[in-house]
Structures are given as structure tokens and as C-alpha cells.
Amino acid sequence: MISQNIKKQIIDQTNIVEVVGEVVKLTKKGSSYFGLCPFHNEKTPSFVVYPQDNSFYCFGCGVGGNALTFIRNIEHLDYPDAIEFLAKRAGIQIIEEKD
């Protein structure tokens with residue numbers, strides 16, 4: 001089992017703008033980034049990335065969350081695989097704790 005501290009470290013050290021930007025063309029407006037939502041078809045950007053909160057939200061379809069949520073949805077991964085995906089990306093070694 002992965003400790004909560006390691007999970008938090010992985011999420012905190014993941015730059016959501018970089019993660020989302022690999023999939024969505026983002027345009028900076030003010031302190032946020034906007035793009036077309038990858039989870040539904042749209043012509044006008046309603047997908048917003050908030051780097052200050054390390055989160056995203058789509059005003060069109062209502063999907064939102066952090067980098068973990070984004071990777072789970074875009075890559076169709078379960079929770080443990082998504083944590084491992086982001087850990088590798090961040091260069092964090094996962095040491096599982098015994099119950």
C-alpha cells in the first residue's frame with residue numbers, strides 16, 4: 001500500500017499545466033490556461049487549468065480534479081496505475097508500506 005504522504009508528494013510535485021499540455025493545446029489568459037476539453041467535443045474552449053490550485057475543470061461537461069484525475073481519465077487507468085504513472089513522470093520512487 002502506498003502511503004498518503006507519498007501520494008501527496010506525487011500530486012504536489014506534478015505540474016498540471018505540463019501534464020495537461022501534453023494532451024491539450026493550452027492558451028494562457030491571466031493566471032489560468034484554457035483549451036478545448038479532451039473529454040467531449042466542443043468548438044469553444046471551456047476547459048480551464050488552474051496552476052495555482054494544481055487543478056482543472058471543464059465548464060462544458062463538468063469534469064474536474066487534479067493531475068491524478070486527469071491522467072486516470074485520459075489514459076483510462078485505475079488509481080494505483082495512475083499514481084505509478086505520475087510517480088515515474090516526477091522521478092519519485094514508490095515504496096509500498098505493509099499493512
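The buried residues of α3 pack against α1 (4–12), α2 (16–21), β3, β4 and α4, where contact means heavy atoms within 4.5 Å. This is a predicted model, so to speak a computed one: local features need pLDDT of at least 70, side-chain atom pairs count only at pLDDT 80 or more, and totals for chains, interfaces and linings use all residues. Residues are numbered from 1 along each chain as its sequence is written, and side-chain values use heavy atoms, with hydrogens and water left out. Helices (H or I, at least four residues) and strands (E, at least two) are DSSP runs, numbered from the N terminus.

Now for α3 itself. Ala67, Leu68, Phe70 and Ile71 are buried there, buried being under 20% relative accessible area, exposed over 50% and partly exposed in between (1.4 Å probe, protein chains only). These residues sit on the same side of α3, because they cover an arc of only 160° around the axis; the arc is that of the directions from the helix axis to the C-beta atoms. An α-helix has 3.6 residues a turn, so residues three or four places apart point the same way. At the start of α3, the backbone nitrogen of Leu68 has a side-chain oxygen of Asn66 within 3.0 Å.

Most residues other than glycine have a negative phi. His76, which follows α3, has a positive phi, near 55°. This residue lies in the loop between α3 (67–75) and α4 (79–90) and is exposed, at 72% relative accessible area. Asn54 also has a positive phi, near 55°, and lies in the loop between β3 (47–50) and β4 (55–58). Asn54 counts as buried, because its relative accessibility is 18%.

Notes. A polar contact is a pair of N or O atoms within 3.5 Å; within protein, one must be able to donate a hydrogen and the other to accept it, and residues adjacent in sequence count only if both atoms are side-chain atoms.
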